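Please look over the model shown here. The report below walks through its sheet, its helix pairs and its chain contact.

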Amino acid sequence: MKAITANRLIDGEVVFWKSGQWVDRFGDAQLFDDHHAADVEAAVATGKSQPTVVVDVYPIDLVQSGGRWAPLSYRERIRALGPTNEPTHGKQVEGGDVVEALRHASGAARSTGRVDLIRRK
Amino acid sequence: MYQYDLIDKEFLADRSAEFRGQVARRLSGELTEDQFKPLRLMNGLYLQLHAYMLRVAIPYGSLNPTQARRLAQIARDYDKGYGHFTTRQNIQFNWIKLKDAPEILDKLAEVDLHAIQTSGNCIRNTTSDPYAGATAEEVDDPRVWCEVIRQWSTLHPEFSFLPRKFKIAITASAKDRTAAKVHDIGLLLRQGRDGQLGFEVIVGGGQGRTPYVGPTIKQFLPTDRLLSYLEAILRVYNRHGRRDNIYKARIKILVAALGAEEFARQVEEEWSKIDAARADLPAPELARIRAAFATTPFKTLPARSETFEAAKASDAAFARFVRNNVRPHKLPGYAIVEISLKAQEQTPGDASADQLDVVADLAERYGFNDLRVTHAQNLVLPHIKLDDLPTVFAALQTANLATPNIDLVSDIIACPGLDYCALANARAIPIAQDIARQFADLDRAEQVGELKIKISGCINACGHHHVAHIGILGVDKKGEEFYQLSLGGSGAEDASIGKILGPALPADKVATAVDQLVGAYLAVRTDGERFLDTYRRVGLEPFKEAVYAQAD
């Protein structure tokens with residue numbers, strides 16, 4: 001399973017792709033089945049064609065956590081939650097099931113989409 | 001303190017207006033991200049994990065209360081109420097919005113602050129001794145020379161697009177509080193036999209993926225020739241530094257490749273071609289700058305303060321604070337006070353807006369409007385009367401700023417790490433907090449004595465792990481956070497690069513490992529030996545055994 005992430009240009013906020021929109025919460029992100037790679041590519045391409053809306057668009061791998069999907073890499077979990085040293089800062093403040101699932105997710109791995117981005121640069 | 005003149009003020013206002021235009025053009029799509037990125041970086045604005053980060057320059061780590069209050073206001077109005085002091089004496093705000101950045105730069109410019117030279121391949125903000133102008137150890141006030149370099153280097157047309165970033169540190173004391181030997185250029189002010197002042201010039205030190213303690217390329221550079229000599233060094237670097245490979249672009253690689261002797265020869269050759277009358281600073285201008293730092297209206301005081309002695313005798317907490325955080329001043333009746341930003345559970349180097357206001361008030365009321373930032377991510381009130389120390393201590397206590405741990409095991413340097421930084425491989429802050437918790441007992445921490453732990457979340461080494469007594473480097477091991485320990489580094493006058501202890505450890509084993517290292521040290525230390533001294537005497541083996549024996 002995959003999701004697509006970026007940072008919003010105007011404020012740097014972490015955002016996720018949802019059917020043509022960019023949303024703030026990972027819980028609202030559109031999830032793509034692995035056999036829908038072409039859809040992911042198309043969505044990433046659309047994101048990249050919106051340079052005044054978002055920067056650094058890339059797909060992230062997801063993993064099951066407590067019956068929900070969470071980013072596989074801890075880097076992406078920190079992006080989706082906020083800094084671990086300040087639990088009252090960032091998206092994690094809202095709490096709820098998705099935030100809990102992200103907090104307890106394991107199966108750490110490099111952020112593959114991000115690594116591609118760095119390589120390209 | 002140096003006061004900006006009309007030229008400086010107009011320059012900052014222009015710069016801010018220019019950036020406002022650049023941001024507007026980016027938001028409208030007139031500029032692409034690739035075009036805009038170098039422009040925002042020239043104004044200290046990075047894109048990090050959660051938001052933009054603005055790095056504000058604090059030239060040579062020196063602030064006045066008005067500036068500190070403005071930083072507090074920015075933390076409140078545009079961030080989440082705090083800022084993070086860095087190992088280069090700057091401050092970073094972690095939650096900045098691009099749309100607010102021009103307004104923030106305006107507000108900084110109003111109090112002579114800016115974000116110039118905090119990013120990009122230019123000569124960065126020059127760092128210096130936080131005790132400058134206060135310690136009896138120094139042969140001259142290093143801030144004078146930092147200010148000379150600031151005026152010379154800001155937007156220097158020849159040196160704004162160097163092969164890579166370029167960092168200079170200046171100290172005028174034998175005890176080095178600037179990590180000068182691991183900078184691109186370290187300038188050590190010395191007094192010659194005839195009483196003349198000169199710089200020992202160290203070039204090509206650095207950390208990152210290829211750490212070096214820099215070699216000395218000139219033993220004694222007369223101070224009046226500083227700018228022409230710097231120009232010669234930078235010219236040689238600008239010409240021959242490697243632009244083909246970002247990992248080999250720093251001057252340390254060039255100096256190591258040529259050898260210090262050959263590099264020095266090329267600098268001398270270049271120097272001989274430079275017209276000194278054009279390049280060096282005219283004496284009247286130096287005198288003008290010097291005068292700005294010589295105006296602290298100290299009083300003549302007795303060396304002994306009864307108020308201070310009585311407080312020390314009656315209040316054990318105050319006595320402990322004095323032992324660890326108070327240093328001798330050059331003048332009788334005064335003291336240098338270090339304010340630790342390493343309280344239990346605190347993020348190393350973070351200060352809240354309220355704390356910044358408290359420190360600004362103290363500097364204003366008791367400290368000649370003078371406040372400093374250290375490269376160890378703490379603050380300093382450089383001129384406090386002994387008579388006022390108990391009052392200052394009480395105010396610091398109320399603001400959770402009186403942690404008596406300077407240079408002790410819990411005074412840990414940590415970069416923001418993966419909690420904020422887009423480059424990090426692993427978190428640094430929670431590791432620092434784990435270790436501080438392990439050594440929360442202040443009696444024990446004092447018994448252990450000076451022990452400098454420094455943590456970086458990636459090989460770029462912003463957390464100075466290479467030059468730590470115990471260095472900790474976060475690595476990504478098959479996608480998990482692991483930590484590689486190294487021992488025996490020092491960023492001080494006895495500079496050295498640490499040696500790797502053994503295989504990297506998982507996050508939950510690091511604090512225990514530090515405890516084991518301390519145990520091994522205490523078992524074999526002789527009187528007066530610091531951790532570093534013991535390590536240098538006995539080597540890596542006993543420490544290796546302490547950490548890895550059980551695991552085998």
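How many bridges join β1(B) to strand β2 of chain B, and do they run parallel or antiparallel? Three bridges join them, and the two strands run antiparallel. Keep in mind that this is a predicted model.

## The sheet of chain B

β1(B) and β2(B), residues 52–56, are paired. One residue pair places them: Tyr46(B) has Met53(B) of β2(B) as its bridge partner. Both strands belong to an open sheet of five strands in chain B. The order is β1-β2-β5-β4-β13, with antiparallel pairing. The edges are β1 (45–47) and β13 (350–352) of chain B, and each pairs on one side only. On average, neighbouring strands are turned by 30° against each other, direction ignored.

## Helices on the sheet

Two helices of chain B are described here as packing on this sheet. Helix α3 of chain B (residues 65–78) touches β2, β4 (82–85) and β5 (91–96) of chain B. The direction of this helix makes about 15° with that of β5(B).

α4(B) touches β1, β2 and β5 of chain B. Its direction makes about 15° with that of β2(B).

## α1 against α4 in chain B

α4(B), residues 101–110, also meets helix α1 of chain B, residues 6–28. Their axes come within 9 Å and cross at roughly 175°. The two helices are therefore roughly antiparallel.

From α1(B), the contact uses Leu12(B), Ala13(B), Ser16(B), Phe19(B), Arg20(B) and Val23(B). From α4(B) come Ala101(B), Pro102(B), Leu105(B), Asp106(B) and Ala109(B). By class, that is eight nonpolar residues, one polar and two charged.

## α2 against α3 in chain A

In chain A, the axes of α2(A) and helix α3 (residues 97–104) come within 10 Å. They cross at roughly 150°, so α2(A) and α3(A) are roughly antiparallel to each other. The crossing is left-handed.

Arg77(A), Ala80(A) and Leu81(A) of α2(A) make the contact with Val99(A), Leu102(A) and Arg103(A) of α3(A). Four of these residues are nonpolar and two are charged, with no polar residue.

## Where the chains meet

Chain A puts 24 residues in contact with 24 residues of chain B. Which element gives the most to the side of chain A that touches chain B? Helix α2 of chain A, residues 74–81, does, with four residues. That side of chain A has 10 nonpolar, nine polar and five charged residues.

Conventions: Residues are numbered from 1 along each chain as its sequence is written. Chains are lettered from A and ligands numbered from 1 in the order in which they are written. This is a predicted model: local features need pLDDT of at least 70, side-chain atom pairs count only at pLDDT 80 or more; totals for chains, interfaces and linings use all residues. Two residues are in contact if their C-beta atoms, placed from the backbone, lie within 7 Å. Ala, Val, Leu, Ile, Met, Phe, Trp, Tyr, Cys and Pro count as nonpolar, Asp, Glu, Lys and Arg as charged, and the others, Gly among them, as polar. Axes are lines fitted to C-alpha atoms, for helices over the stretch in contact, and angles run from 0 to 180 degrees between N-to-C directions. Angles under 35 degrees count as roughly parallel, over 145 as roughly antiparallel, 65 to 115 as roughly perpendicular and the rest as oblique. A crossing is left-handed if the near helix is turned anticlockwise from the far one by less than a right angle, and right-handed if clockwise. Two strands pair if DSSP finds at least two bridges between them.
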